[in-house]
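Morning, everyone. Please have a look at the structure on the screen, and then I'll take you through it.

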Amino acid sequence: MILILIGPPGSGKGTQSEKLIEYLKTPHLSTGELFREHISSETVVGCEAKQFIDRGELVPDHVVDNMVAHTLEQPRFESGCLFDGYPRSVPQAEALSQLLYTQHREVNLVLELSVPDSVLIERLLARQRVDDTLETIKHRLEVYGAQTSPLLEYYEQRGKLETVDGQGSIDDVFGRIQAVVNRLKIDISNAEKSNPSTSSN
Ligand code: B4P
């Protein structure tokens, strides 16, 4: 299963991914987490990414796409992947679609976590990560509106998008996500029963 979690900064992508990985037993790819690893190891990718992350900008598409393509080559992703924070722009979505096409796979579901800006700002200031200053947070929200929001329409038009209310307790939000994922599992299982040649295992 290929799942994507989309949401503004602080909407809980990382938080909910941890629970989903456990629930679905699926491998997880977080571009934010990969960048933080590159930055702490002071790699070339890390040095390039840091200047954008510190300013609240998106890291350029070619850097992100290459990192994702390289990571997805690992055998553990053969069974599927939960993408957390990727794609974050329409060109990234197109690059992912091409990459999956070459592997005879496609995105099954895109989950949008919807949370108002005032709640996001509160959560991010409480998190106190180095890129969580008020000025950077406000800029990241603008960048989300300009570059990531168009993705919602992109996946909506392809019939892949489900929006989940990201407010409330972490468990409340996860309950909503589980309901959507369980529906998808039933749809996939029914499709495989009616056409066994499409079964992935
Ligand atoms: P990310 O690591 O993806 O992080 P994020 O968007 O800031 O946060 P996330 O939504 O995961 O929130 P979290 O669960 O932590 O990106 C970091 C940076 O990397 C980006 O700004 C960008 O520069 C760069 N980058 C990453 N991917 C990229 C890409 N594809 N292209 C270009 N650049 C890219 O939750 C936040 C806080 O809220 C936590 O403290 C959590 O405990 C709390 N919280 C979560 N759910 C809650 C709930 N229900 N109630 C109360 N608090 C909650």
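I'll start with the ligand and then turn to the aromatic rings.

Keep in mind that this is a predicted model. There are 27 residues around the ligand. Which come nearest? Lys-13, Thr-15, Thr-31, Arg-127 and Arg-140. By type, the shell has eight nonpolar residues, 11 polar and eight charged.

A backbone N or O atom of Glu-57 lies 2.8 Å from a ligand oxygen. Gly-85 also uses a backbone N or O atom, 3.0 Å from a nitrogen of the ligand. Gln-92 brings in a polar side-chain atom, 2.9 Å from a ligand nitrogen. How much of the ligand does the protein bury? Alone, the ligand exposes 1,000 Å², and 86% of that is buried by the protein. Helices H1 (13-24), H2 (31-40) and H6 (117-127) each give two or more residues to the shell.

On to the rings. The count is three aromatic pairs. One is Phe-83 with Tyr-86: centres 5.9 Å apart, planes at 45°. That angle falls between 30 and 60 degrees, so the pair is tilted. Phe-83 is buried, at 0% relative accessibility. Tyr-86 is buried too, at 2%.

Next, Tyr-154 and Tyr-155. Their centres are 5.0 Å apart and their planes at 90°, so this pair is edge-to-face. Buried or exposed? Tyr-154 has 10% relative accessibility, so it counts as buried. Tyr-155, at 4%, is buried as well.

Last, charges over rings. Lys-19 lies over the face of Phe-174, 5.6 Å from the ring centre. The charged end of Arg-55 sits over Phe-52, 5.2 Å from the centre of its ring.

Note on methods:
Residues are numbered from 1 along each chain as its sequence is written. This is a predicted model: local features need pLDDT of at least 70, side-chain atom pairs count only at pLDDT 80 or more; totals for chains, interfaces and linings use all residues. Side-chain values use heavy atoms; hydrogens and water are left out. A residue is near a molecule or strand if one of its heavy atoms lies within 4 Å of it. A polar contact is a pair of N or O atoms within 3.5 Å; within protein, one must be able to donate a hydrogen and the other to accept it, and residues adjacent in sequence count only if both atoms are side-chain atoms. Accessible areas come from the Shrake-Rupley method with a 1.4 Å probe; for residues, only the protein chains shown count as cover. Helices (H or I, at least four residues) and strands (E, at least two) are DSSP runs, numbered from the N terminus. Ala, Val, Leu, Ile, Met, Phe, Trp, Tyr, Cys and Pro count as nonpolar, Asp, Glu, Lys and Arg as charged, and the others, Gly among them, as polar. Rings of Phe, Tyr and Trp (its six-membered ring) pair if their centres lie within 6.5 Å; planes under 30 degrees apart count as stacked, over 60 as edge-to-face and the rest as tilted. Buried means under 20% relative accessible area, exposed over 50%, partly exposed in between (1.4 Å probe, protein chains only). A charge sits over a ring if NZ of Lys or CZ of Arg is within 6 Å of the ring centre and within 35 degrees of the ring normal.
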